[in-house]
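User: Hi, could you help me read a structure? I'd like to go through it step by step.
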Amino acid sequence: MATALHNLSQYNPADIPSGKGRTIGIVVADWNDRYTYAMRDGAIRTLLDNGVSADDIIVRHVPGSFELVYATAWMIENDEVDAVISIGCVIRGDTPHFDYICQGTTQGLAELNTKARVPVIYGLLTCNTEQQAADRTGGKLGNKGDECAVAALRMAAIAD
Ligand code: DLZ
């Protein structure tokens, strides 16, 4: 559903599998931390609201979005997680760097998702402006972190 019509934080709790007993990994890029930390905090709050224990949420930080792929793969390999949420925020600048980071990170996470033991949740915001990022990290369109947490719990339950 297009975000113009959809608040990222709205979900029906009855539709979400319980997170009790689940371990969820979160990898967070520090670049654009004003937005990525808001997504991280939203994801954590939503996981807790849906039964995940605080002890079962593992958070790891990386420098920028391009490092999400490696850290997500590392976490799947080394942490006993049921799903990993990969959170980053890329904002368009004056050079084509934006396109390379978006493409590389998205392709890397997509490839991981086809091969990895557990699902990878795509929490990469790709924005043309700071306002677009603010709108999606607790602003008028809700919080992408909430959406990612719901997706993680639904995907973790796929194998049940
Ligand atoms: C270098 C860079 C630039 C220009 N912009 C962003 C951005 O908007 N969002 C983001 O998460 N990271 C950015 N980075 C950093 C790269 O993701 C990466 O950390 C560095 O290129 C080092 O590999």
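Analyst: Let's begin with a term we will need: two strands are said to pair if DSSP finds at least two bridges between them. Please also keep in mind that this is a predicted model.

User: Okay, which strands does β3 join by bridges, and how many bridges are there?
Analyst: Eight bridges join β3 to strand β4, residues 120-127, and these two run parallel. On β1, which covers residues 24-29, five bridges join that strand to β3, and this pair is parallel too.

User: Is β3 largely enclosed or open?
Analyst: Nine of the nine residues of β3, residues 83-91, are buried, so the strand is largely enclosed by the rest of the structure. Buried here means under 20% relative accessible area.

User: And which way do its side chains point?
Analyst: Ala-83, Ile-85, Ile-87, Cys-89 and Ile-91 point one way, whereas Val-84, Ser-86, Gly-88 and Val-90 point the other way, and all of them are buried. In a regular strand, side chains alternate between the two faces of the sheet.

User: Changing topic, what is the whole chain built from?
Analyst: The chain has five helices and six strands, and from the N terminus on the order is β-α-β-α-β-α-β-α-β-β-α.

User: How does its radius of gyration compare with that of a compact globule?
Analyst: A compact globule of 160 residues would have a radius of gyration near 15 Å, and the chain has 15 Å, so the two agree. Buried residues make up 45% of the 160 residues.

Technical notes
Residues numbered from 1 in each chain as written. Predicted model: local features only at pLDDT ≥ 70, side-chain atom pairs only at ≥ 80, totals over all residues. Heavy atoms only, no water. Helix = DSSP H or I, 4+ residues; strand = E, 2+ residues; numbered from the N terminus. Rg over C-alpha atoms; globule rule 2.2 N^0.38 Å. Buried < 20%, exposed > 50% of the residue type's maximum accessible area, 1.4 Å probe, protein only.
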